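User: Please take a close look at one helix of this model, with its packing against a neighbouring helix, its course and its salt bridge. I would like the cut-offs behind each term stated as you go.

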Amino acid sequence: MTVAIVVLILLSYGLIASEHFTKINKTTVAILVGVVVWILYLCMGGDFVYRMHAGEFTDFLAGRAYSAALAKKFIADNIFVVYAEYISSIVLYLLTTMSIVDVLNNNGCFNFITDIVRARSTNRILWGFVAITFLLSANFYNLAVVVLMLGVMRNLLQNDMQRRYVGVAVVIASCMGGCLTVIGDVTSLILWTRNAVTPTNFSAAMALPALVGTVVPVLLIRNSLPAHLDLVRTRYGVYRAEESDMPLWQRITLFVIGVGGLWFVPSFHRITLLPPFLGALCVLAVLWLLNGIFNHRKIQSEAPMMLPGTNRRLRSEVFQVIMYFIGVTLAVSVLREIGAMQVVGQWIDRHIHDVYVFSIFVGLVSAVMDNICLVFSAVNIYDILPYSANASAYQQLFMQNGQYWHLIMLSGCLGGCLLPIGNVTGYALMKAEDVNLSWYMRHITFKVALGWMAALITYFLVDFLLR
């Protein structure tokens with residue numbers, strides 16, 4: 001049964017990686033395989049439970065004779081429920097942050113983006129998009145930010161090829177911005193909620209590499225653009241964002257509460273030890289309260305509160321990612337419960353024994369397979385070791401805030417940008433601007449690879465200087 005489960009998951013990984021060619025939705029594959037492997041695990045659960053949870057299972061039996069029914073009950077009550085709780089907390093956080101972005105967008109809190117980037121100068125437009133995306137992605141879920149930014153870009157830029165280059169820069173900036181904090185990306189959220197990293201240490205370690213990983217490829221992309229970009233013209237002149245009738249001070253209030261509240265979520269978790277999604281829910285509740293106060297006239301007159309724009313598309317994109325994450329987590333959790341991940345870790349220790357080399361491997365595979373899948377798999381290969389003053393240098397890599405966790409995050413995100421199929425934001429760009437693999441490989445992949453190597457070198461130098 002172990003072999004059957006591993007083969008089935010490897011086949012699903014292949015289908016996920018080849019989604020662009022097979023046209024089989026990777027979310028469908030992930031969900032189906034995640035459910036099937038848990039059913040297979042349950043069929044032979046007794047053998048796996050005795051191997052991985054012998055002490056707990058013996059206490060559970062409490063002198064009763066072993067039976068398949070008891071083994072299933074133990075799995076349901078003591079093993080599966082742990083993963084279900086973990087998955088639910090991540091999903092609730094993603095849904096909450098999506099709702100926060102919705103509230104802010106509906107009230108015109110992101111209209112400042114168009115005001116900043118509205119110019120013919122390529123430098124102002126390109127670097128304006130990059131800087132805003134980088135900063136917003138550090139606070140909000142980066143897929144939500146990319147969907148918003150691509151919508152602004154399409155309304156502002158007329159030339160298809162110019163939109164492709166700027167769109168790629170937005171994707172890179174969103175991935176690196178998501179690397180900057182533990183709340184900016186699903187993968188960084190995974191590391192934080194598994195206690196592999198702490199928020200302050202993670203941001204300090206990733207700040208310079210993330211900046212370098214953004215600036216280097218964007219500088220190279222800039223050379224492929226003309227000095228002035230072609231802007232969309234309307235009967236009123238150059239496109240402007242839709243003006244909200246909400247006063248400026250109210251929009252600023254909502255924006256500050258949304259961003260500041262999410263920045264406080266890590267502190268909320270540290271102080272209360274409650275799941276991060278509860279802190280995000282508190283922020284959402286305050287925003288909804290203020291939204292009702294500021295828009296009471298619209299609500300009383302039954303005027304529509306949902307403005308036209310990216311809301312429906314944003315929900316669709318995030319929902320797909322959430323379902324994909326659920327499927328991947330279910331599949332990888334079974335690999336961990338049957339001991340397959342531990343075997344992989346032992347093989348890596350014997351034959352590779354270098355976290356930089358392994359992180360490069362993770363990044364390369366992330367180019368063709370979604371980086372959520374790769375980073376989550378890499379996180380589950382090793383346990384987070386407790387602090388020990390007598391630990392060897394290699395063991396220290398796997399302690400909390402160890403290099404291993406930083407490197408797989410950095411390489412997973414930048415490696416996922418080597419091809420547009422390597423991350424969810426790249427898929428959003430492909431669908432929005434009809435970006436194809438051949439064009440991306442000819443014009444973008446090498447630029448991202450140089451940025452990736454520069455980011456890894458920066459991380460190495462910073463770590464060396466701080467020792």
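Analyst: Helix H5 (residues 54-61) and helix H6 (residues 68-106) pack at an angle of about 115°, with their axes 11 Å apart; here axes are lines fitted to C-alpha atoms, for helices over the stretch in contact, and angles run from 0 to 180 degrees between N-to-C directions. Helices are DSSP runs of H or I with at least four residues, numbered from the N terminus. This is a predicted model, in which local features need pLDDT of at least 70 and side-chain atom pairs count only at pLDDT 80 or more, whereas totals for chains, interfaces and linings use all residues. Residues are numbered from 1 along each chain as its sequence is written, and side-chain values use heavy atoms, with hydrogens and water left out.

The crossing of H5 and H6 is right-handed, a term that applies if the near helix is turned clockwise from the far one by less than a right angle. On the H5 side, Glu-56, Phe-57, Phe-60 and Leu-61 meet Leu-70, Ala-71, Lys-73, Phe-74 and Asn-78 of H6, where contact means heavy atoms within 4.5 Å. By class, this contact of H5 with H6 has six nonpolar, one polar and two charged residues, with Ala, Val, Leu, Ile, Met, Phe, Trp, Tyr, Cys and Pro counted as nonpolar, Asp, Glu, Lys and Arg as charged, and the others, Gly among them, as polar.

The structure holds five salt bridges.

As for its course, H6 bends by about 40° at Phe-80, the bend being the angle between axes fitted to the seven residues ending there and the seven starting there. The 39 residues of H6 should span 57 Å at 1.5 Å a residue, and its end C-alpha atoms are 53 Å apart, which agrees; the expected span is 1.5 Å times one less than the number of residues. Just after H6, Gly-108 takes a positive phi of about 75°.

Methods. Helices (H or I, at least four residues) and strands (E, at least two) are DSSP runs, numbered from the N terminus. A salt bridge is a side-chain nitrogen of Lys or Arg within 4 Å of a carboxyl oxygen of Asp or Glu.
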